[in-house]
Amino acid sequence: MLRTSDSTDRAAAPATDERPADRTPARLLAQRGLFFGPSGIVPEDLYSRVERGTARRERDLVALAPGSLVSTNTYFGRFHATYWQRWTDIGEVEVSAVATGTGRVRLMASDTNKVWRIVATVDVRDGEATAVRLVGPVDRFVDGGGMWLEITTETGELTVSGVRWTVTTTRPLPPTDIAITTHNRVDDCLNTLQALARDPEALERIRTVHVADQGSDPIESRERFGEIAAALGERLKYVRQPNLGGSGGFARGMLHATHGAPGEEADVLLMDDDVHLEPELLVRLTSFSASTRHPMIVGAQMLNLLHPGHLHISAEYADPEVLLMGLKMPGALREAYLLGLDDRQLPINQERRVDTEYNGWWSCLIPATVIRAIGYPLPLFLQWDDIEYGYRARAHGFPTVSLPGAGVWHADFGWKDGDEWQRYFTVRNGLIMAALHSGFSIRRITGRLAQLVSHQLVAMQYGMTATLLQAVEDFLAGPDTLRDGSAGALARVREIRKAYPETVMHPMSDAGGEFHDRPVIRAANPPGSETLTFLKRVAYQVTGRAPHPTGAVPAGDAHWWHVSLFERAIVTDMSEQGFRIRIRDKQTALQLARQAAHLLRRFVREAPALVGRYREAVPQLSSRENWERLYGLKD
């Protein structure tokens, strides 16, 4: 392990790489054929399906009883040929395996409409570690389709192992560094590092595992850290630094990877600390990136950790003028149940190719070429930093692909409550994103801000309103608000929110009598006219005629148009781990409404002039020199 302090990080040498200088393999391993997940907490049917008979599935092996059929037409089992044909120049894919027993192995393919065809077949009879080889042309998948294996038996048994999907490449496999940022998620981060250490074949793709620890509870304080550090050896580089958010942690790893001359640089695989890692993504992301026609960002997809059979989204875009991110591209899957079947009783897969506009940084590979051309992340702390970087890359001619079959499990976004301090960064950074990468329609933006404030006030979210107003205020301060890496903004917004008791989530152990004799009141259907409903809610509150003096509101029903019917609402937090108490306060609501009206008038007057200032500041804010200054590596 390389352990450096903040003052010596800049000069530290990269981890030793003992592999040959010529990284061009005869064939490049594009993906491994896996039949079981990295642990028992993920469904094995994401890797292979026993569609008939019985079979024993292990990580690298499947053993079929007589009269059985196993298919890898699954999220992790497919070779997503449409993405390979669109973005690379490979002409074919070769599947090799080792078979023992009697049975048949077929290479299958599908088109854009999920209509299957047989590409190649090998029959094995009384085989004993028999080499199996199937070749499929990658030539009819521009709009969609993929390939997979079907393994069948009739009267005999068959074991298949060591499945490897390989392609040819004309470029050497570049070195890749993993950059992980962590903040007081000790066990999660150690689990991620341990998963890397336990898969040496996947880890061979990695030069350095760079961990930027920004927490007050350092991971190096745990006994398990020493064991993991020993297993990773010189690949592990660990640094402690002040908390500069996700952008600050990831930028540190990017600086390390791109230190030195172009020939000494590495691509960077950004990875959250709290993912449940599938190490196979190291193979799939690096192979795909090494095969693309032109440099591009290659992102892994996110599966929901609490609901591991569900894909969060397969391709997305953002609309910063209305502060919305994570919007589904047409044709993309969203919250898709990957273990289910469609209306034709076929597996749910991303059959048609859907291009994305950016990829989240739960796991995302950025080539050194891209970093050299466009710079490092903006010091946004968190929220929108990955989106801004993706759009900046697009503007410079570097697209992004969200690669199906390369996925990690990450905490479900739907189980995170919106009334948290992070909302400040959602709003402030969204406005910065709009200034940099949109037409910056003052009408759309102010309309959206006014809508949010109005809805939050009638829903008794006073702390949320104050958070939003501070975000707008700081945006109007211009690019200098980012000079300290947003560390000051974090402290400021947390202090502001302390004045509003409804921002506090109470654990159920503190419930006391709150839930006794409090009816649970569910929401009715969404309003037909939001404007008319809003005016009615305001009238209720001004006249003191709220239909419900008090009541409990489930998290999924905590819409503004429902909570605004109460004088006092006990609202379940979206995490389902506690509750918040919202109480009507006319004086506070009026004060915040006046403050909002004044601030939005300022926004209309001052914001247009800030667009040019933010755009002019990007080269300096995203520069290596600026990040070195923030880390204390440069005066």
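Entry 1. I looked up the length of helix H10, residues 442-458. At 1.5 Å a residue its 17 residues should span 24 Å, and the end C-alpha atoms are 24 Å apart, so the two agree. The expected span is 1.5 Å times one less than the number of residues. Helices here are DSSP runs (H or I, at least four residues), and strands are runs of E of at least two, numbered from the N terminus.

Entry 2. I noted the source. This is a predicted model, where local features need pLDDT of at least 70 and side-chain atom pairs count only at pLDDT 80 or more, while totals for chains, interfaces and linings use all residues. Residues are numbered from 1 along each chain as its sequence is written, and side-chain values use heavy atoms, leaving out hydrogens and water.

Entry 3. Which helix residues did I find at the contact of H10 and H13? Gln-451, Ser-454, His-455 and Val-458 in H10 meet Glu-530, Phe-534, Val-538 and Gln-541 in H13; contact means heavy atoms within 4.5 Å. The two helices pack at an angle of about 40°, with axes 10 Å apart. Axes are lines fitted to C-alpha atoms, for helices over the stretch in contact, and angles run from 0 to 180 degrees between N-to-C directions.

Entry 4. I checked what comes after H10: Met-460 follows, with a positive phi near 65°.

Entry 5. I looked up Leu-193. Leaving aside neighbours within four places in sequence, Leu-193 is in contact with Ile-180, Val-209, Val-211, Ile-219, Ile-228 and Leu-232.
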